Amino acid sequence: MAVTALSESPQVHRFPQSKYVDAVRWLPPVLPLKRFAVVAFFDTDSDSDPYFIEIQSLSSNPLNLNSHSSWVSPSRISSLKTSQSHYVPLVVAGTFAGSLHVLSAGSVDRASLEPVLSVPEKVMHNGPVSCLDLMDGGVECVIVGEDGRVNLVSIGDSRLNHRRVFDSSGLVSYTAAKWGSSTEFATGGYGFSLQWWDQRKPDGAVSQFKGSWAQRKTSGIVHSIDIHPSRKHTCLAGGSLGTVFAWDLRWPQQPIVLSGLGAGNTEHSPSESEVWEVQYDRFAKSSNVGNISSSRILPAMICSEDGILSVVEQGEEPIELLAEPCAINSFDIDRQNPSDVICSLEWESVAILTRPKNG
């Protein structure tokens, strides 16, 4: 594997935790000049309250994460997202028991995480919530599970309205979901499959992709999906065997493989294990700035089971940002400061990486 190095190495700060870190997300800004992160924990040594979400503030000189407030979850967190709703940051969590919880972080200056609304277990899913995605503005959430159900939840002032979009009765399992617009979203699952849904057309997915990879049968799983706001016709997916690929709805059966299985060149594969998360990298500059067509895939960031955090781009060597001796299970790029990335490390740590502005 060939790896391109940055002209200036990013600054990496690791913060050991006393609990297992299941997920991390940046919290949308609440107060000027203050930054916060949301961390989902699993305390293996606690019998009473082993599962909880915590707000941590980011201080400088020296850089550190400081615990603010926490909320105890009835089950282990399986999916975590944040968004801004009417100037109030929201935290939405799905659990392994199948429940959904909406928390307000609007009073973070008083170190407060307040539960707003919830849907108990077994109401939407018989089993874990595989993935959820909160629409920008925090008004609607798409939730999928391995039980083959796709649900939409509208977040109102006093209640959650949920409806089932699809139920495969277990014949199909969904492992990833992402909004593409206010009416469209994508899902992913086993066999590197992807589906595109349009609420204006309620009779199931309007387009589907089944990973054949040059006629070879594959049993890989899509773990994560991202959709760029300016290119909503293209769905980016990351999954098994280091695979990162793009699905363009204009050519729905011709995947554009960026990394891993089917790439045809292992030099463009920074990882050979599970890609747990993928996001378009709004900080990275494309190497083809002067010739970016609507069919070219923009740079993406991935994290993997073999401890790699890197940027991949179509036809280019990957840029390795971080290599850990343990899995990097999740990461989030700060929307306000896209040079900053927060990661959850399997060895009970949170890492914050700051890339040079001229890197």
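The protein contains 0 helices and 28 strands, where helices (H or I, at least four residues) and strands (E, at least two) are DSSP runs numbered from the N terminus. The structure is a predicted model, in which local features need a pLDDT of at least 70, side-chain atom pairs count only at pLDDT 80 or more, and totals for chains, interfaces and linings use all residues. Residues are numbered from 1 along each chain as its sequence is written, and side-chain values use heavy atoms, with hydrogens and water left out. The pLDDT, which is the predictor's confidence in each residue on a scale from 0 to 100, averages 87 over the protein, and 88% of the residues score at least 70.

Of the 359 residues, 57% count as buried, a class defined by under 20% relative accessible area, as against exposed at over 50% and partly exposed in between (1.4 Å probe, protein chains only). The protein exposes about 15,500 Å², of which carbon and sulfur atoms supply 48%; accessible areas come from the Shrake-Rupley method with a 1.4 Å probe, and for residues only the protein chains shown count as cover. With contact taken to mean heavy atoms within 4.5 Å, 50% of the contacts between residues at least 6 apart in sequence join residues at least 24 apart.

A search of the whole structure finds 9 aromatic pairs, for which rings of Phe, Tyr and Trp (its six-membered ring) must have centres within 6.5 Å, with planes under 30 degrees apart counted as stacked, over 60 as edge-to-face and the rest as tilted. Phe-192 and Phe-245 form an edge-to-face pair, at 6.1 Å centre to centre and with 85° between the planes. This pair links distant parts of the chain, since Phe-192 lies in the loop between strand 15 (184–189) and strand 16 (194–198) and Phe-245 in strand 20 (residues 244–248), 53 residues apart. Phe-192 counts as buried at 0% relative accessibility, and Phe-245 is buried with a relative accessible area of 1%. Phe-245 also pairs with Phe-209 in a tilted arrangement, at 5.8 Å centre to centre and with 50° between the planes. Because Phe-209 lies in strand 17 (residues 207–209) and Phe-245 in strand 20, the pair ties together parts that are 36 residues apart in sequence; Phe-209 counts as buried at 2% relative accessibility. Elsewhere, ring pairs link Phe-166, Tyr-174, Trp-179, Phe-185 and Trp-197 into a cluster.

Charged groups were also examined against ring faces, a charge sitting over a ring if NZ of Lys or CZ of Arg is within 6 Å of the ring centre and within 35 degrees of the ring normal. The charged end of Lys-19 sits over the ring of Phe-41, 5.1 Å from its centre, and Arg-35 lies over the face of Trp-26, at 4.8 Å from the ring centre.

Most residues other than glycine have a negative phi. Ser-169, although not a glycine, has a positive phi of about 60°; Ser-169 is found in the loop between strand 13 (160–167) and strand 14 (174–179) and is exposed, with a relative accessible area of 63%. Leu-241 likewise has a positive phi of about 60° without being a glycine; Leu-241 lies in the loop between strand 19 (234–239) and strand 20, and is partly exposed at a relative accessible area of 46%.
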